[in-house]
Amino acid sequence: MLDTLTEFFDHGGNIRTADSLHVHRATRYQRLKRVEQITGCSLDNGDDRLMLHLDLKLRAITAVHHDQLGS
């Protein structure tokens, strides 16, 4: 689901997300709905989208930093 959410944000919420993930559009919507259920956030709410997007970016930064420390 993190991949779906990342692609969703990377494509500005555009339907092309489904193409890049090689899943049907309905599958993408189901995954995004599940993200909303798990997080309690609404992808229709700008503040919630921002919070989720920042969380994903911070995870990526942390992973890169962690990998650099481990090397």
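Lys-33 is partly exposed, with a relative accessible area of 47%. Lys-33 belongs to helix α3. Between the C-alpha atoms of Lys-33 and Leu-43, which are 10 residues apart along the chain, the separation is 8.6 Å.

This is a predicted model, in which local features need pLDDT of at least 70 and side-chain atom pairs count only at pLDDT 80 or more, while totals for chains, interfaces and linings use all residues. Residues are numbered from 1 along each chain as its sequence is written, and side-chain values use heavy atoms, with hydrogens and water left out.

The whole chain comes before its parts. The protein contains four helices and zero strands, and from the N terminus on its elements run α-α-α-α. Helices here are DSSP runs of H or I with at least four residues, strands are runs of E with at least two, and both are numbered from the N terminus. Along the principal axes, the C-alpha atoms fill a box of roughly 40 × 25 × 20 Å. Of the 71 residues, 24% count as buried. The accessible surface comes to about 5200 Å², and carbon and sulfur atoms account for 53% of it; such areas come from the Shrake-Rupley method with a 1.4 Å probe.

Which residues make up the largest nonpolar core? There are nine: Leu-5, Phe-8, Phe-9, Leu-32, Val-35, Cys-41, Leu-43, Leu-52 and Leu-56. A core of this kind is a set of buried Ala, Val, Leu, Ile, Met, Phe, Trp, Tyr and Cys residues joined through side-chain atoms within 4.5 Å. Two or more residues of this core come from each of α1 (2–10), α3 and α4 (46–70). The most come from α1, which gives three. In soluble globular proteins, nonpolar side chains tend to be buried together.

Helix α1 has Thr-4, Leu-5, Glu-7, Phe-8 and Phe-9 among its buried residues. Just after α1, Gly-12 has a positive phi of about 60°.

Leu-52 is one of the core residues and sits in helix α4. With a relative accessible area of 9%, Leu-52 is buried. Apart from neighbours within four places in sequence, Leu-52 is in contact (heavy atoms within 4.5 Å) with Leu-5, Phe-9, Thr-39, Cys-41 and Leu-43. The C-alpha atoms of Leu-52 and Leu-69, 17 residues apart along the chain, are separated by 26 Å.

Two packed helices are described by the angle between their axes and the distance between the axes. Helices α1 and α3 pack at an angle of about 105°, and their axes are 9 Å apart. Therefore α1 is roughly perpendicular to α3, a label given to angles of 65 to 115 degrees. On the α1 side the contact is made by Thr-4, Leu-5 and Phe-8, and on the α3 side by Arg-28, Arg-31, Leu-32 and Val-35. These residues divide into four nonpolar, one polar and two charged.

The last stop is a loop. His-22 lies between α2 (16–21) and α3 (25–39). Is His-22 buried or exposed? His-22 is exposed, because its relative accessible area is 73%. Its phi is near 60°, a positive value in a residue other than glycine. Most residues other than glycine have a negative phi.

How values were computed:
Buried means under 20% relative accessible area, exposed over 50%, partly exposed in between (1.4 Å probe, protein chains only). Axes are lines fitted to C-alpha atoms, for helices over the stretch in contact, and angles run from 0 to 180 degrees between N-to-C directions. Angles under 35 degrees count as roughly parallel, over 145 as roughly antiparallel, 65 to 115 as roughly perpendicular and the rest as oblique. Ala, Val, Leu, Ile, Met, Phe, Trp, Tyr, Cys and Pro count as nonpolar, Asp, Glu, Lys and Arg as charged, and the others, Gly among them, as polar.
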